[in-house]
Every structure is written in C-alpha cells, then in structure tokens.
Amino acid sequence: MRGDSLVDGLIVEFDKALRTLFVPVKSVRVMPGSELPVAELSDSERHESAGLMRVNHSGEVCAQALYRGQALACRNDSVRSALEHAASEEGDHLAWTERRLFELNGRKSALNPLWYAASYSIGLVAGKFGDAWSLGFLAETERQVESHLLSHQQRLPERDRQSWAIIDQMKADEIGHSHLAERLGARDLPKAVKAAMRVASGVMTRTAYWV
C-alpha cells in the first residue's frame, strides 16, 4: 500500500510540474492593468519589457516548484494550508506573467524545466529541516523577490504601465506571504544562507533574461 501511495504521489507531482511548465495557466483574479490602454512601445522598449517579464515568469515557475516541495515535506497542517494559499496566489502571478509575455511577443525561458527541478529540490530540502526553518526560507525568499520586483519597476519603460501594474500587485502579494510566514513562526536564516540565496537568484535572473 505504501508503494502505491508513493507512486500516486509521484504521478501527482509530475502532473503538477507538466502543467506548470507546458499548460497555459488560468488566473483566479483579474490580471492587473488589463483595463489600461495598450501601450505603444518601441522595439527596444518591448525587448526590455519582454526580457524582464520572462525573468518574472521563470521566478513564478520557481515559486510553484518551491511551494510544492515545501508542502510535501511539511509536518503541520496549518503551515501546509498557508503554503498552499500562497501557491495559489503565485499561480495567478504565473498566469499574468505568461499572458503579458505573449502580449509583448516574448517567449518563455527555455531553462524553465531546470529552474523547476532545482527549486523543487530546494523546497523539499528546506521542508526537511522543519516547519520553522521552511517558513524562514519562505519569508526570506519573498523579501528577496520583493526587492527584485522593485528593481524591475525601476527598469521598465515608462509607457509600459500594464507590466508595471502586474509587478505592483505581485509585489504586494509577496509582502503578504512574507508576513504570513513570520506570523506562523518563521526563523531568521543565517546570513550565509541569505547570501547564497541572493547569488542563486542572481544567476537565474541574469540567465532567464536572455535564454
């Protein structure tokens, strides 16, 4: 029976990965900025917006994988519920960034399967250290994502208010996820771990912009 449960679990996780990576995602909430007029962007502005949105989309692929890995290793039902709620909102982010990327005539990162596998493994390992450390990892991840999104808003072409609106709502959600993790008992991560996370994030963002 245990073998059957393990196989069933692996099938579910594989299905989630395929849906995240290859199936168009539908959002629960209305996409921010959808009511705004279509911006007339130059080729260079469109290229910059598409590159930034590709990075954000890859970041949301990572978020889905990270939450799946953490939830699988979670030991507390309330913490697991919080992770699943955050993952649902991140699912909206995934759908918004994908739609906006295509509106900009952009493409998704060819390395998304790699980002997913790496993030899932990290989430699983973080969860194995216990819920307090897992929540600490979540809180720090969201703080770093918030900073990263703010830098994107500063780089976006001034006329691309649609992309700006999407990132603004994403930033608000990430702040909420970080605060939720703190309320649930997140432990503050060692400085070395935070620094390693920033390095890993930097590699992903610089690579996903182009590939």
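A residue counts as exposed when its relative accessible area is over 50%. Keep that cut-off in mind for the first stop. One caution before we go: this is a predicted model.

First stop, Asn105. Its relative accessible area is 65%, so Asn105 is exposed. Where does Asn105 lie? It is in the loop between helix H3, residues 77-103, and helix H4, residues 112-128. Now look across to Arg183. In sequence, Asn105 and Arg183 are 78 residues apart. In space, the pair is 41 Å apart, C-alpha to C-alpha.

The largest pocket holds about 650 Å³ of space. It is lined by 28 residues. Which of them are closest to its centre? Those are Cys62, Ser119, Thr141, Ser201 and Met204.

Which helices build that lining? Helix H2 (43-73), H4, helix H5 (131-155), helix H6 (161-183) and helix H7 (191-210) each supply at least two residues. H2 gives the most to the lining of the largest pocket, with 8 residues.

On to the second largest pocket. Its volume is about 380 Å³. Here 16 residues form the lining, and the closest to the centre are Lys16, Arg19, Thr20, Gln64 and Arg68. Helix H1 (2-22), H2 and H3 each supply at least two residues of this lining. Which helix has the largest share? H3 does, with 6 residues. By class, the lining of the second largest pocket divides into 8 nonpolar, 4 polar and 4 charged residues.

Notice H2. This helix supplies residues to the lining of the largest pocket, and H2 also supplies residues to the lining of the second largest pocket.

Last stop, helix packing. Take H5 and H7. Their axes come within 11 Å and cross at roughly 40°. As for handedness, H5 passes H7 in a right-handed crossing. Both helices also contribute to the lining of the largest pocket, with at least two residues each.

Conventions. Residues are numbered from 1 along each chain as its sequence is written. This is a predicted model: local features need pLDDT of at least 70, side-chain atom pairs count only at pLDDT 80 or more; totals for chains, interfaces and linings use all residues. Side-chain values use heavy atoms; hydrogens and water are left out. Helices (H or I, at least four residues) and strands (E, at least two) are DSSP runs, numbered from the N terminus. Buried means under 20% relative accessible area, exposed over 50%, partly exposed in between (1.4 Å probe, protein chains only). On a 1 Å grid over the protein atoms alone, a cavity is a set of points where a 1.4 Å probe fits but cannot get out, and a pocket is an open set with protein on both sides within 12 Å along at least five of seven lines; lining residues have an atom within 4 Å of a point. Grid points are joined across faces, edges and corners, and a volume is the space filled by probe spheres set on the points. Ala, Val, Leu, Ile, Met, Phe, Trp, Tyr, Cys and Pro count as nonpolar, Asp, Glu, Lys and Arg as charged, and the others, Gly among them, as polar. Axes are lines fitted to C-alpha atoms, for helices over the stretch in contact, and angles run from 0 to 180 degrees between N-to-C directions. A crossing is left-handed if the near helix is turned anticlockwise from the far one by less than a right angle, and right-handed if clockwise.
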